[in-house]
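I opened my notebook beside the model and picked a few places to look up. My entries follow in the order I made them.

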Amino acid sequence: MKGFSLSQWSVIVILALLTALEPLSIDLYLPGFIEIGNAFKAPVSDVQLSLSTFLAGFAIGQLLWGPLADKFGRKKPLLVSLVIFAAASIGCLYVPSIEWLWGMRFIQAIGGCAGVVIARAVVTDYFDKNNTLKIFAILALIAGIAPIVAPSIGNTVLRLLQWEGLFEVLAVLGVLAFLLVLFFLPETQTQKVALRSENILKVYFSLLHNKRFAIYSLIAGIVNGALMIYVANGPFLIIEKGGFSSDAFSIIFSINALGLMAASYLTTVVQKRMATNNLVKCAIFMMAIVSIILLTAMYIHASMPVILCILFFYIFPIGVLFPTTTELALMPFAETNKSGSASALFGSIQLGIAFICTVVASYISDGTTVSVGIALLFCGVLLFAIAFSKIRLAPITSSHPTT
């Protein structure tokens, strides 16, 4: 990771925090699901829907912030979004019912998603093309710390401040991110565009006409859907079915997050010897094979430690697919006035598909581990079908695709 100046590292750290707002907003409150349900006299399945509404808000909000970032630059929309995020986090403290929590989480996601979408645009604005995959991998690596520390922080907060404290922590993070962006993030957008609703729609349709963007956005969405199915069902698998304590849940969750981080780091090493699209295919092949093994283990009622070990190898390749699909989808629009919109649509597709996956997984759930395995298998098989279908993209001989 040599070759970056101090100012570039400061930008990377800020972008990592902005990117981490999503996993922190999700993983921090997972240990509090049961307590939140008790507070509102609602089943855990209703609490899980607050995760689905959060994903929906993330998907929709990115379509707004991308064009705004192309029109007004990167900093101003970021600052406004972080105010919304912090305010909604505080609002979660005072909701009178679980339904109000769904709505407030939706608004919180609308604010938080700008950090993710604009961070991707800043990478393509600010860094040399030869370093973009490295930066995306660094962001994935640093942001991967969030799922590791979040459950442990959540457990500690629950002991000290109860479930409301979880959202107080998110509000503080929103304020911190606001201050860092205000004082230390440079404006990186140089080609601002006019903002009209018809122009926005035309831009989005034109992006979808780029076959590479459409396919890798779809792959990224299904990959994120698989991860969110695991996240949403983590307390069910580990605590309820596995009989582990909340502290053990944090440790197991951390181990899987470390796997994601290790995979993201290995991506930067292997990418020097393998074309990025081939790396994507290898990771998807691994997910598909492991998903079959995982469902088989669940069907024959293997012990939970065995299932969790197999699940680790299902999660591991996701750490490869996040930075690679991001780079392959967005690089055709680097240094153009569509980079912000491309990042927005990419993120919206990614989160929108994840939202659908979690809702479908919740619908087919019958209270057994097998139903979770079926959902994960479906994602793995669907990814395999897309990656190894007869769809042909322009040849990629290096890590940077051309349009």
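**Entry: S89.** I looked up S89 and found it buried, with a relative accessible area of 0%. The model is predicted, so I keep that in mind for every entry. S89 lies in helix α4, which covers residues 75–91. Which residues does S89 touch, leaving out those up to four places away in sequence? I noted Q108, F167, L170 and A171.

**Entry: K75.** I stayed in helix α4 and turned to K75. Leaving out residues up to four places away in sequence, K75 touches V181, L182, L185, P186 and E187. I also checked K75 against G352, which is 277 residues apart from K75 along the chain. Their C-alpha atoms are separated by 25 Å.

**Entry: the salt bridge.** How many salt bridges does the structure hold? I found 1. Side chains of opposite charge can pair when their charged atoms come close. Here D125 pairs with R74, and the closest N and O atoms are 2.6 Å apart. D125 lies in helix α5 (residues 98–126) and R74 in the loop between α3 and α4, so the pair ties together parts that are 51 residues apart in sequence. R74 counts as buried, because its relative accessibility is 0% and the cut-off is under 20%. D125 has a relative accessible area of 23%, so I wrote it down as partly exposed.

**Entry: helix α3.** I compared the span of α3 with what its residue count predicts. Its 29 residues should span 42 Å at 1.5 Å a residue, and the end C-alpha atoms are 41 Å apart, so the two agree. I then looked for a bend. There is a kink of about 30 degrees in α3, and it is centred on G61. After α3 comes G73, with a positive phi near 90 degrees.

**Entry: positive phi.** Most residues other than glycine have a negative phi. I looked for cases that go the other way. K41 is not a glycine, yet its phi is positive, about 55 degrees. Where does K41 sit? I placed it in the loop between α2 (33–40) and α3 (44–72). Is K41 buried or exposed? K41 is exposed, because its relative accessible area of 81% is over the 50% cut-off. H301 is another case, with a positive phi near 60 degrees in a residue other than glycine. H301 follows α12 and lies in the loop between α12 and α13 (304–315). H301 has a relative accessible area of 69%, so I marked it as exposed.

**Entry: a nonpolar patch.** My last stop was the surface. Which residues make the nonpolar patch of about 530 Å²? I listed F285, I289, I292, I293, F384 and F388. Helix α12 (residues 276–299) gives the largest share, 4 residues. I took a closer look at I292, which lies in helix α12. I292 is partly exposed, because its relative accessible area is 48%, between the 20% and 50% cut-offs. In an α-helix there are 3.6 residues a turn, so residues three or four places apart point the same way.

Methods. Residues are numbered from 1 along each chain as its sequence is written. This is a predicted model: local features need pLDDT of at least 70, side-chain atom pairs count only at pLDDT 80 or more; totals for chains, interfaces and linings use all residues. Side-chain values use heavy atoms; hydrogens and water are left out. Patches are made of residues with over 30% relative accessible area and no salt bridge: like charges are joined within 9 Å, nonpolar side chains (Val, Leu, Ile, Met, Phe, Trp, Tyr) within 5 Å. Accessible areas come from the Shrake-Rupley method with a 1.4 Å probe; for residues, only the protein chains shown count as cover. A salt bridge is a side-chain nitrogen of Lys or Arg within 4 Å of a carboxyl oxygen of Asp or Glu. Helices (H or I, at least four residues) and strands (E, at least two) are DSSP runs, numbered from the N terminus. Buried means under 20% relative accessible area, exposed over 50%, partly exposed in between (1.4 Å probe, protein chains only). Contact means heavy atoms within 4.5 Å. The expected span of a helix is 1.5 Å times one less than its number of residues. The bend at a residue is the angle between axes fitted to the seven residues ending there and the seven starting there.
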